[in-house]
Amino acid sequence: MKAAVFHGAHDIRIEEYPYPKLPDDGVIIKVHSSGICGSDLHMYSRGGGDGMIMGHEFSGDIVEIGKDVKDVKICDRVVAIGGVGCGECYWCQQGQYIKCSKLSFLGYGIKGAFAEYTAIPNFKIGMYAEKLPDSVSYEEGATAEPLSVALYAVNQVQPKPDDICVVTGLGIIGICVVQILRSRGVKTIIASGRRSKRLEIAKQSGAEVVVDAAKEDIVPVVEKVAGSRKADVVFEVAGVPELFHKSLQMVHRGGKINLVGLYMEQVTWSPSVIVGNDITIIGCGLRWDLPGAVELLASGKVDTKPMITHEFPLDQTKEAFETQLTSQDAIKVIVKP
Ligand SMILES: [Zn+2]
Ligand SMILES: [Zn+2]
């Protein structure tokens, strides 16, 4: 099969690659659409992981089914979050591999979906896999994974309609957070990001105030909107150290900060501010709700179609990465093997 194999910074090559092995507890999927994630871009820019096939935001058709897998048939249109644990620790024995300290994800430890076919272990419909209803396209299906992260992030915080919510970072996850907050009736959403297209879609998605982070500091904007009350919740989706510090300034005593974006740089700070101000800091890397995400797409409560800005064939995966990295218009770039 053909696959886009990563060989170092800015070096992705289309190569012949061995067809994946069918796991007993998994399936082989013929990949239809595979989105480029911010975390893929970090690796693409910095290198490391020679020989890796990235890609974990994807949709496709089942072409082979392992003997222990239930509830699916050949040709089912599906999405999945591929992960595998060590198989031996307490959590793996409980069937909760997601809590395994040696967890590997599709597109990192496991060969990913920038390829014609991908093998998904631990495939269970309703857990980290779901069938796509006819009304949800493959392209939208490829956005279910980032949407599932956004949904989990909002569910962790359980915001109330009167809460003042701040979202920093307007990639697809940040914009999905805005849409989910809106669908839950949250009235005051202040969002900040870069790139004009993203700001425009965040506004259309229901953010009351949108801040162009390239031109304006979000802290005084939140002070102006929220006054002495300050923000109830900050979703820090950008993974930028400066925004971590700003989150601590924007949230009120007793408020919540959900860290959704991955940080590539160290942050130096004093935890005393958490102690003294009774702030809850939450991490967002565990129970992503993929079935819930598919439901949001099917119901129309979240619409990711305007966020799918570019599509490339597998042969042009490198161009796709460059576009996701640099284009002013890019929100979600999809590769179609
Ligand atoms: Zn991702
Ligand atoms: Zn384990």
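This is a predicted model: local features need pLDDT of at least 70, side-chain atom pairs count only at pLDDT 80 or more; totals for chains, interfaces and linings use all residues.
Residues are numbered from 1 along each chain as its sequence is written, chains are lettered from A and ligands numbered from 1 in the order in which they are written, and side-chain values use heavy atoms, with hydrogens and water left out.

**The overall fold**

- The protein chain holds 11 helices and 17 strands; these are DSSP runs numbered from the N terminus, with helices (H or I) of at least four residues and strands (E) of at least two.
- Its radius of gyration is 20 Å, close to the 20 Å that the globule rule gives for 337 residues, so the chain is as compact as a globular protein of that length. The radius is taken over C-alpha atoms, and the rule is 2.2 Å times the number of residues to the power 0.38.
- Along the principal axes, the C-alpha trace spans about 60 × 45 × 40 Å.
- Of the 337 residues, 53% count as buried. Buried means under 20% relative accessible area, exposed means over 50%, and partly exposed lies in between (1.4 Å probe, protein chains only).
- Among contacts between residues at least 6 apart in sequence, 69% join residues at least 24 apart; a contact means heavy atoms within 4.5 Å.
- The accessible surface comes to about 14400 Å², and 50% of it belongs to carbon and sulfur atoms. Such areas come from the Shrake-Rupley method with a 1.4 Å probe, and for residues only the protein chains shown count as cover.

**The zinc site**

- Three residues give the protein donors of the zinc ion (ligand 1): Cys37 (SG), His56 (NE2) and Glu57 (OE), at 2.1 to 2.6 Å from the ion.
- Donors are N, O and S atoms within 2.8 Å of the metal (3.2 Å for Na, K and Ca); water is not among the atoms, so sites may look incomplete.
- Along the chain, the donors follow the spacing C-x18-H-E.
- His56 is buried at 9% relative accessible area, and Glu57 is buried too, at 1%.

**Helix H1 and its cover**

- Helix H1 covers residues 38-46, and its buried residues are Ser39, Asp40, Leu41, Met43 and Tyr44.
- The cover over these buried residues includes strand E1 (2-8), strand E2 (11-16), strand E3 (27-35) and helix H11 (317-326).
- Gly47 follows H1 and has a positive phi, near 85°.

**Positive phi outside glycine**

- Cys75 is not a glycine, yet its phi is positive, about 80°. Cys75 sits in the loop between strand E4 (57-65) and strand E5 (77-80) and is exposed, with a relative accessible area of 57%.
- Asn122 also has a positive phi, near 50°. This residue belongs to the loop between strand E8 (117-120) and strand E9 (129-131) and is buried, at 17%.

**Residues to look up in the structure**

- Pro23 lies in the loop between E2 and E3. Beyond its neighbours within four places in sequence, Pro23 contacts Gly66, Ala119, Ile120 and Pro121.
- Glu64 is part of strand E4 and is partly exposed, at 29%. Its C-alpha is 6.5 Å from that of Ile74, a residue 10 places away in sequence.
- Leu132 is in the loop between E9 and helix H3 (138-141) and is buried at 7%.
- Ser135 is found in the loop between E9 and H3 and is exposed, at 52%. Ser135 and Ala298 are 163 residues apart in sequence, with their C-alpha atoms 6.3 Å apart. Leaving aside neighbours within four places in sequence, Ser135 contacts Glu140 and Ala298.
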